[in-house]
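Visitor: I'd like a close look at a single part of this model, please. Pick one element, follow it through its surroundings, and spell out the cut-offs behind each term as you go.

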Amino acid sequence: MCIAAVVGALLYVNTAEVSESERRSLGVPHLLTLLRQHMEISLAATVLTCLIAIPLAIALTRGRMRQLAKPIITVAGFGQAAPAIGLIALGAVLFGIGGAGAVAALTVYGALPIIANTVTGLNGVDDRLIEAARGMGMSSATTLARVELPLALPVIIAGVRTALVLIVGTAALASFTGAGGLGQLITTGIKLQQPVTLIVGAILVAALALFIDWLARMVEVVAAPKGL
């Protein structure tokens, strides 16, 4: 379906009455450049979010840190509750125009699903399995790595998948701060009143988000521990 949407958008460009500047903007080389920029921003934000959110969530399931789980998840929820364009603008103010500010803003925006799912997944592991592992002489770290994380992995990956789709879709707003990406087609279409460019940009962003969701779902299925 995603491929059909992209092909349909390209065919629409070739058949619609567009200006020469629009045709250049919607040429395959330019679209590939925008796609690369979009994916670079999205993947950088997703990796950074995982590096921050997963260790933080693990810490929130250990010892006294458990008491801070709800407050921190609530604070992380503020990032998603805030208007995405506001976070992007704030990132540009703090880190300057370009990709760095967009990546920082998207990292905050995607933190909640990963933190919440990781905490839920780890807290959902049967205490008897943890006690059995400790009874076999495993340390806390070994139990976490060999028992808790593998069992919680499907829930954690589901959170990463949700965050990735949110980030890919929201990355379209990064073009407002000069970070590029497919959202540039949308902003160009609005500024220059080019409806064809606007429509193609919206279709490509939606198709990319749906494709990433499908791809992450496949990874989720393959990564699930066998026998569960």
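Guide: Happy to, and let's start with helix 3, which passes helix 6 in a right-handed crossing; that label applies when the near helix is turned clockwise from the far one by less than a right angle, anticlockwise being left-handed. This is a predicted model, where local features need pLDDT of at least 70 and side-chain atom pairs count only at pLDDT 80 or more, while totals for chains, interfaces and linings use all residues. Residues are numbered from 1 along each chain as its sequence is written, and side-chain values use heavy atoms, leaving out hydrogens and water.

Helix 3 spans residues 28-59 and helix 6 spans residues 99-109; they pack at an angle of about 50°, with their axes 8 Å apart. That angle makes helix 3 oblique to helix 6, the word for whatever is not under 35 degrees (roughly parallel), over 145 (roughly antiparallel) or 65 to 115 (roughly perpendicular). The axes are lines fitted to C-alpha atoms over the stretch in contact, with angles from 0 to 180 degrees between N-to-C directions. Helices are DSSP runs (H or I, at least four residues; strands are E, at least two), numbered from the N terminus.

On the helix 3 side, I41, A44, A45, L48, T49 and I52 meet A102, V103, L106 and T107 of helix 6; contact means heavy atoms within 4.5 Å. Sorted by class, this contact has eight nonpolar, two polar and no charged residues (nonpolar: Ala, Val, Leu, Ile, Met, Phe, Trp, Tyr, Cys and Pro; charged: Asp, Glu, Lys and Arg; polar: the others, Gly among them).

L48 lies in helix 3 and touches V103 and T107, leaving aside residues up to four places away in sequence. At 34% relative accessibility, L48 counts as partly exposed, between buried (under 20% relative accessible area) and exposed (over 50%), with a 1.4 Å probe and protein chains only. From L48 to G110 the C-alpha distance is 9.8 Å, although 62 residues separate them in sequence.

Now for the next partner. The axes of helix 3 and helix 9 (residues 140-170) come within 10 Å and cross at roughly 145°, and this crossing is right-handed. Helix 3 contributes H38, S42, A45, T46, T49, C50, I54 and I58 to the contact, and helix 9 contributes L144, L149, I156, V160, L164, I167 and V168. The tally by class is 11 nonpolar, four polar and no charged residues.

T46, found in helix 3, gives a residue-level view of this side. With residues up to four places away in sequence set aside, T46 touches L164 and I167. T46 counts as buried because its relative accessibility is 9%.

Q193 sits in the loop between helix 10 (183-191) and helix 11 (195-223). Its phi is near 55°, a positive value in a residue other than glycine. Most residues other than glycine have a negative phi. At 69% relative accessibility, Q193 counts as exposed. S19 itself lies in the loop between helix 1 (2-15) and helix 2 (20-25), and it is partly exposed, with a relative accessible area of 33%.

Finally, the setting as a whole. The chain has 11 helices and zero strands. Of its 228 residues, 43% count as buried. Among contacts between residues at least 6 apart in sequence, 75% join residues at least 24 apart. The accessible surface comes to about 12,000 Å², with 70% belonging to carbon and sulfur atoms, as given by the Shrake-Rupley method with a 1.4 Å probe.
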